[in-house]
Amino acid sequence: SEHHHRDHGPHRVGQVKEVTSLANPIVKDIKALAQKKARDETRSFIAEGLKLVIDALELGWTIRTLVYAKAAKGKPQVEQVAAKTFAKGGLVLEVSEKVMSTITRRDNPQMVIGVFEQRYSSLKDFRPKVGETYVALDRVRDPGNLGTIFRTADAAGASGVILVGETTDPFSLETVRATMGSVFAMPVAKTSVSDFLRWKKETGVKLVATHLAGAVDYRTIDYRKQPVVLLMGNEQAGIPEELAHEADALARIPQAGRADSLNLAIATGVMLFEARRHILSLDEPK
Ligand code: SAM
């Protein structure tokens with residue numbers, strides 16, 4: 001990650017590098033970000049698409065490298081993000097279509113991608129207030145589920161996502177894709193079961209755990225008086241006893257039909273929009 005530092009050397013700042021070779025070391029480094037190990041080591045990740053890159057810059061995320069396909073050259077919006085990237089001391093690469101599809105592992109790649117610094121909130125910085133809703137996910141496994149939950153939490157006006165225990169990486173290509181940009185809008189913290197439970201006690205939130213054996217219809221719960229944390233269980237195992245035990249309510253979504261349970265992201269959506277029903281309205285400005 002040397003290349004994101006401001007350049008004081010003889011090399012000219014603000015010069016686009018043209019790259020066509022897959023063997024180029026910068027391209028190799030970016031390609032490696034498809035692996036969690038490289039993301040962890042560099043604390044960076046890839047966001048695909050011009051709109052996402054523009055949104056991320058607007059929200060103050062730090063870009064390290066902007067990559068665009070030759071065909072995007074000269075487009076005003078691309079020039080603008082390139083200028084912003086240079087202004088932040090980042091690198092700008094113009095690459096062939098082949099390089100682009102290799103980086104993103106796609107046949108029809110986006111014209112623009114950005115390499116951004118990862119950003120985690122500390123759980124201590126989540127200080128829930130009345131009217132706020134957080135989503136806590138116990139060992140979420142599936143990147144598509146996690147991305148969809150980010151997007152849905154953002155849309156429902158939630159204040160943050162809390163990853164409890166070993167979870168899938170919120171900054172993987174697949175998760176970021178599924179968030180449709182909400183990864184840049186939704187603060188995320190990761191924590192252990194014990195730290196989560198300590199935080200729960202200290203902050204005085206109402207912990208609503210969703211459970212297939214839950215005794216309470218999710219529509220009968222009071223979501224208004226306290227800040228709410230919706231706790232959702234692992235795709236296979238559901239919520240473990242030590243977490244369920246500490247919940248203020250064990251909520252169930254009544255179901256019909258043959259399915260045993262709802263998909264995790266769907267269940268999270270149903271819970272979020274119920275918990276925030278009194279706050280969300282079509283009349284209020286966004
Ligand atoms: N086999 C798991 C179990 O027995 O808990 C199923 C887990 S389900 C696919 C994943 C998560 O979605 C659950 O832990 C719960 O948080 C939520 N969920 C799914 N359907 C639900 C329902 N009908 N009521 C409440 N929560 C539900």
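User: Which residue stands opposite Val228 of β11, on the β6 side of the pairing?

Analyst: Thr133 stands opposite Val228 in β11. The model is a predicted one, in which local features need pLDDT of at least 70, side-chain atom pairs count only at pLDDT 80 or more, and totals for chains, interfaces and linings use all residues. Residues are numbered from 1 along each chain as its sequence is written, and side-chain values use heavy atoms, with hydrogens and water left out.

User: How many bridges pair β6 and β11, and in which sense, parallel or antiparallel?

Analyst: Two strands are said to pair if DSSP finds at least two bridges between them. Strands themselves are DSSP runs (E, at least two residues), helices are runs of H or I with at least four residues, and both are numbered from the N terminus. Here β6 and β11 pair over 5 bridges in the parallel sense. β9 and β11 are also parallel, over 4 bridges, and Lys206 stands opposite Val228 in that pairing.

User: What is the strand order of the open sheet?

Analyst: The order is β8-β7-β6-β11-β9-β12-β10, an open sheet of 7 strands with parallel pairing. Its edge strands, β8 (188-191) and β10 (216-217), each pair on one side only. Further in, β9 (residues 206-210) runs parallel to β12 and is joined to it by 3 bridges. Val208 has Ala249 as its bridge partner in β12.

User: Are the residues of β11 buried or exposed?

Analyst: Buried means under 20% relative accessible area, exposed means over 50%, and partly exposed lies in between (1.4 Å probe, protein chains only). In β11, 5 of its 5 residues are buried. Val228, Leu230 and Met232 point one way, Val229 and Leu231 point the other way, and all are buried.

User: Which residues of β2 are buried on each side?

Analyst: Ser44, Ile46 and Glu48 are buried on one side of β2, and Phe45 and Ala47 on the other. That strand (residues 44-48) is thus mostly covered, with 5 of its 5 residues buried. Its pairing is with β5 (residues 112-117), antiparallel and over 5 bridges. Ala47 has Gly114 as its bridge partner in β5.

User: Why does Ile221 count as buried?

Analyst: Ile221 counts as buried because its relative accessibility is 10%. The residue is in the loop between β10 and β11.

User: Which residues have the most contacts inside the largest nonpolar core?

Analyst: In soluble globular proteins, nonpolar side chains tend to be buried together. A nonpolar core is a set of buried Ala, Val, Leu, Ile, Met, Phe, Trp, Tyr and Cys residues joined through side-chain atoms within 4.5 Å. The largest one here has 29 residues, and those with the most contacts inside it are Leu137, Val208, Tyr223, Leu230 and Met271. At least two residues of this core come from each of β6 (133-138), α6 (143-156), β7 (160-164), β11 (228-232), β12 and α10. The most come from α10, which gives 6 residues.

User: Where is Arg105, and what is its phi?

Analyst: Most residues other than glycine have a negative phi. Arg105, in the loop between α5 and β5, has a phi near 55°, a positive value.

User: Which residues are closest to the ligand?

Analyst: A residue is near a molecule if one of its heavy atoms lies within 4 Å of it. The ligand is surrounded by 17 residues, the closest being Thr210, Gly233, Gln236, Ile253 and Gln255. A polar contact is a pair of N or O atoms within 3.5 Å; within protein, one must be able to donate a hydrogen and the other to accept it, and residues adjacent in sequence count only if both atoms are side-chain atoms. A polar side-chain atom of Thr210 lies 2.5 Å from an oxygen atom of the ligand. β12 (249-252) and α10 (264-275) are the elements that give two or more residues to the shell.
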